[in-house]
Amino acid sequence: MRVDARLLEAALLNLRKRIAAVPLVFEVTGSAEVKTERTKLLSQIDDYLLPRVRRSAAPVLVALVGSTGAGKSTLVNSIVGSHVSATGVRRPTTNSPVLACHPEDVDWFAENNFLPTLPRVRQEGLARPGRDGLLVLAASEGMPRGIALLDTPDIDSVVQAHHEFAYQFLDASDLWLFMTSASRYADGPVWEILQHARDRKASLGVVLSRVPQAYRTELVEHFTAMLDANGIGAEDRFVILETPLVDGMLPPDAYQPIRDWLADTAARADRRVAVLTQTMSGVLDTFKSRVPAMAAHVEAQVVLRGRLRRGAEVAYERAFAEASTGTKNGALLHGEVLARWQDCMVGGDLRPRRGARAATAGSKKGKRARRGPSRPAELNGALRSAIESFIVSIADRAAEHVDENWRGSPAGAVLLADAAAEQARGERAKQVFEAAFGPSGNGSTPGAAEANQATAFSRSAPDLQLRAARAIGAWQEHLARLVEVEYLRPATKRTGFSDEALSILVLVAMLGENAPAPQPEPADAEGAGIYTEPRRLLTSVFGAVTLAGILARARADLLDRVRLLLDEELVRFVKVIDEAGPCDDAAAVRLYQAEFSLEAVR
Amino acid sequence: MTANAIGVTGLPSTNVPARLASLTELTRIGSSRTGSDGFSPELLAETETLLRRSGERMRRSASHTVVALAGGTGSGKSSLFNALAGASFSPAGVMRPTTKHSHACVWGMEGAAPLLDWLSVQRRHRYARASALDEGETSLTGLLLLDLPDHDSVVTGSVAMVDRLVKLVDMLVWVLDPLKYADAAVHRRYLVPLAGHAAVTMVVLNQADTLSPDQAADCEADLRRLLDAEGLTETPVLVTSALTGAGLDELRLSLASAVAARRAATDRITADIDALVDRYAVYSGDPVPGWQPPEPAAVKLSAPPAAGAAVAAGAGSGPASSPLASRPPWEQADGGGNLGNGVAKDPEGALAAPGPAWQDGTGNGQAAVSAEWQPWQPTAAPVAEVSPAITSRPPWEDATLDGRSAGAPVVDPVTYVPAGPAGTLTTAFAKAAGVTAVTQTLNGVRERSAAGYIGWPPARLAGRLRGQPSARKAAAADPGDAAQAQRSDIDNAITAFADEVGASLPEPWSRTVREAARSRADEAQAVLGAAVADGLPPRGKVTGWWRLVAVAQWLLMALSLAGLIWIVVILAAHGGHKSSSLISDVSLAPWLGVMVAALLLLGWLIATWCQNMVVLAADREREQAVHAVMTRIAAATSDLVLVPTGRELAEYERFRTELTSARRGPPIAV
């Protein structure tokens, strides 16, 4: 297969860029796996594909992997002819990987193009216990030219890092030499890695070591049968008998076939190309299914983001709908409002006065005036606090719904936890800052409010009460002006209502506009029914048509303000989603495209 | 009566039954509080499994100790098994994996069959040593040795079998070999998760013959280091060789001492409980803020709900159940059993008693024993014919809704709610119902309706002329009931309350407390409105002296009017015929004027003075009304929110109590 190396490199780089840019923002089922999959894909591209495409003349890298105690290090030492890798009875023996190669080849591996992420050290003298995670380069004349043997840590010991190492090396090497022993060839991890090799279609050689002479035939037969049953078509199979070691080395006849096989692979061009091609196209073949799987996951992430966002929006939509019915159906005309209203009606405070309308507002003398605010003012206050607490309660409920909705999915729960932690951190940092430099002037007040938000997402923002109070206050002023303007129109009857009384009446009438059928009112003509009375009074002033206009405008203005408050609440959640990280809708498509163009140049 | 009475000796006193009962209670509390942030269903299922398993184990032979040889393929489990058994029972070989079934060897066969059935060891894989006849093996009598299949081979079925048996056996001997002693398969999957089971775990480094003595020591030291790092410091490590027989005597000795102690079964369950209970700790936290446990009530609370079932069982077997009401259920059941046929008094004795104690027992005996297992063994077979009513339902269903047994005295759940937030809530509810406003308007209503009687008539006349409605009429028009409270205020108040009470509680509880607090929020509007309406005095009330004053006012008014007329008449008649000195004497007119003025002044003074009296009376009335309304609102608050919340908090406190007792077990009465 002739492949243009530069085109392939470009396609790989493109794919690499797309994979690295994959947004993995949310915890969806399997997102942890996808994260590791991404790391794996990237390390396969970085550690193996790109170096191999760029330097096709580099020595063949053979990874020697296998069970702990199978004798990997002993085999390496025997082939090299000196103690380059430590051996012993302690398990696991090899902690840092050792790469043995001919001194002429060592420069290939000393550069950072092979396993760029791994620090390496050149070995001088004999094997020493290396530090974990350090690649030891051992140059020795004993190695054939054009091939490098990598002694990896085990695949099955308690040290988890070793398994990851082993798999990373496998992904980076051209030829796999798998080694297991007679006592553990039936172990689970052995077959896990063999199946991995099969799925990767890597070039593979298998060694069965420590075979007792007496059981050689049946053991080899059994193992071969197991290999065949698992569909592992490694044509290169070697057997090392259980033999006493000479100075820590295998006798030559035990390892010579393996050494010859290695040297042959390095020396014969056709074999070398065959090995390299098989392993590389094996990797590229796996991309055909792995990249689309990742793209599908990215799509799932986008969908999830949409769902979370929708969940928050729906909750606040519902809250707004509730606000618009709640300010209409008379639900707020209970409790204190009703009591104050009745008080005012009995006192006649909201009725027209004979005399100058300007005079009445301040003319209320008597014991009530001395004790506190006038009755209409009290009613006004009650109305205001009723609307405020109504807004706070629907906002609270909406926040709780969103919180519940998000907590229902693992991704949402993680988002909320992260956001809370983030805010707590911010608050701590701020405290530290303030402890060091003193409170930062006028900037401290909004900062404190923000810090308080760290408390919970299941509640509305702590300053909502304040903002609601401000919004309602502003709206009432607006309402007063509206009423005043209408009152000054020539069509209006001057009936001696005070401005204050009129705006209160409009407010009460608006809140009770769509109230359910009023309870049977007293037959009295002056019945003080809170649902009907304000309308009756106002109609007498403005006329039914104008009144309807006033009410509609007042409500529209109030709802605008409520919408604004709720939107600010919603933004808290949207911010959490946005802060989780960008989630590009097109990332999946780009992945598909990159994979497709890679296939095209192969 | 002691354990000796039924022939069981040397049993260590444990509190396993009590801890299991607590665990049952934990699952009961937990199973109604699952959900995304609630009790993990897996944990609950695992607990159920443990409860069932320990029940099953305890009902089987306590005189046997089940020891399993476990390990990887090729470590020489079967060779070791054969060496211990002294015969080639389990096939050993070079082909991997060798053992595909579990084999069992029993020293002392009687009573072991149910145990082997339970472990589902096939009959053809059971072997017995006629222990009494074997020289030097009497010490092993009671040992049931299992040879497990390996756990790390590719044969999938055997892993499942090992996993199942590892959970069932009393004691585990991990057989490792120099090549694979550091395998992830055994450490990750078994040794680390079972680190809490160090007391019932033993590690054997087999195949020591393949190493030189120095290497063996090195190997052993490394294995020791590995185990210590995994928290298995108490686990002994033995170096053996099935081939040469080295170390086998030591292993046999260890097994013999474990068998003789006869506590491996309970130790195993104890370790299982320890492992599980710790996972419940995340659902527990600080006590409810601001709440002090009432000392005498705590004892009653710790009685598990299954007491009801146990009492029923006790009543079936003997009359002694009622005096025992304050004792845990198993003791009650024992008490009942004592009257019946004399089962041991302490629970350990009963559970360790071999089969005949209940198999040959009377009906009473059966009831007693099965009732003893009742809390964690709802499917106990022998009970079915005795009292099906008990077995057909899990124990927690016998409890009443609030989690207490039917017979237990009920502690007012409100006591669990801290006073501070409760007070705040009541105040907030009062505000939602508009108590301040309603009572203030009451004041106004009184003053105004009084003014209709005691007011100074000229002032009233002037008011009417200015367009104010008639005071009496207005008072009559007043419908006088603030029907409902403000919904949003109620919601906000409950939310704040639940946050204050429940926010410091761990995860599922803060939610369930909130839900409980809100459970009756829908009714609150109407109930609070009704509370206000009930607490208020009638609005149209007219006090008697008002009418007297009214009469007096009108009298004064009439007199003034008469005086005025007189003056007019005098002035009109002045200079006319002197028919009467009374209407002609001009000098009388000033005096009359003074009199009229004085009368008017008197009327005004009376009105003012009476108004003050009315204000005072109204203030007093208002205070009474506030008091009455607040009492009703407090009652309604307690009814609507505090009781459900308190119930949930009581459950939480109960959960904590049970968790503590499941952790350590209640102190054993000596």
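This is a predicted model: local features need pLDDT of at least 70, side-chain atom pairs count only at pLDDT 80 or more; totals for chains, interfaces and linings use all residues.
B:Glu507 belongs to helix H23 of chain B, which comprises residues 507-518. Apart from its neighbours within four places in sequence, B:Glu507 is in contact with B:Asp37 and B:Tyr283.

Chain B contains 27 helices and seven strands, and 49% of its 670 residues are buried. Among the contacts in chain B with a separation of 6 or more, 75% join residues 24 or more positions apart.

Helix H1 of chain B, residues 16-31, illustrates a covered element. Of the 16 residues of H1(B), 15 are buried, so that the helix is mostly covered. From first C-alpha to last, H1(B) reaches 22 Å, close to the 22 Å expected at 1.5 Å a residue.

H1(B) is in turn one of the elements that cover the buried residues of helix H9 of chain B. H9(B) runs through residues 264-280 and has 17 residues; its reach of 25 Å between the first and last C-alpha is close to the 24 Å expected at 1.5 Å a residue. The buried residues of H9(B) are B:Ala264, B:Ala265, B:Thr266, B:Arg268, B:Ile269, B:Thr270, B:Asp272, B:Ile273, B:Leu276, B:Val277 and B:Tyr280. Their cover includes, besides H1(B), the helices H2 (41-59), H8 (248-261) and H27 (588-664), together with the strands E1 (65-71) and E5 (171-176), of chain B.

Two packed helices are described by the angle between their axes and the distance between the axes. For H2(B) and H9(B), the angle is about 165° and the axes are 11 Å apart. H2(B) is therefore roughly antiparallel to H9(B), since angles over 145 degrees are classed in this way. The crossing of H2(B) past H9(B) is left-handed. On the side of H2(B), the contact involves B:Leu43, B:Glu46, B:Thr47, B:Leu50, B:Ser54 and B:Arg57, which meet B:Ala265, B:Ile269, B:Asp272, B:Leu276 and B:Arg279 of H9(B). By class, this contact of H2(B) with H9(B) has five nonpolar, two polar and four charged residues.

H27(B), another of the elements covering H9(B), also packs with helix H24 of chain B, residues 521-535. The axes of H24(B) and H27(B) come within 8 Å and cross at roughly 155°. This angle makes H24(B) roughly antiparallel to H27(B), and their crossing is right-handed. The residues of H24(B) that take part are B:Glu523, B:Ala524, B:Val527, B:Leu528, B:Ala531, B:Val532, B:Asp534 and B:Gly535; they meet B:Ala625, B:Ala628, B:Val629, B:Arg632, B:Ile633, B:Ala636 and B:Leu640 of H27(B). The contact of H24(B) with H27(B) has eleven nonpolar, one polar and three charged residues.

A helix pair in chain A has another geometry. Helix H17 (residues 499-511) and helix H19 (residues 544-580) of chain A have axes that come within 10 Å and cross at roughly 80°. H17(A) and H19(A) are therefore roughly perpendicular to each other. The contact of H17(A) with H19(A) has six nonpolar residues, no polar residue and one charged residue. In this contact, A:Val506, A:Ala509 and A:Met510 of H17(A) meet A:Ile550, A:Leu551, A:Ala554 and A:Arg555 of H19(A).

A:Lys201, in the loop between helix H6 (188-200) and strand E7 (203-211) of chain A, has phi near 55°, a positive value in a residue other than glycine. With 17 C-beta neighbours inside 10 Å, A:Lys201 counts as partly exposed. B:Gln207, in the loop between strand E6 (201-205) and helix H7 (213-229) of chain B, has a positive phi of about 60° although it is not a glycine. B:Gln207 counts as buried because it has 27 C-beta neighbours inside 10 Å.

Definitions and conventions:
Residues are numbered from 1 along each chain as its sequence is written. Chains are lettered from A and ligands numbered from 1 in the order in which they are written. Helices (H or I, at least four residues) and strands (E, at least two) are DSSP runs, numbered from the N terminus. The expected span of a helix is 1.5 Å times one less than its number of residues. A residue is buried if 20 or more other C-beta atoms lie within 10 Å of its own, exposed if 12 or fewer, and partly exposed in between; C-beta atoms are placed from the backbone. Two residues are in contact if their C-beta atoms, placed from the backbone, lie within 7 Å. Axes are lines fitted to C-alpha atoms, for helices over the stretch in contact, and angles run from 0 to 180 degrees between N-to-C directions. Angles under 35 degrees count as roughly parallel, over 145 as roughly antiparallel, 65 to 115 as roughly perpendicular and the rest as oblique. A crossing is left-handed if the near helix is turned anticlockwise from the far one by less than a right angle, and right-handed if clockwise. Ala, Val, Leu, Ile, Met, Phe, Trp, Tyr, Cys and Pro count as nonpolar, Asp, Glu, Lys and Arg as charged, and the others, Gly among them, as polar.
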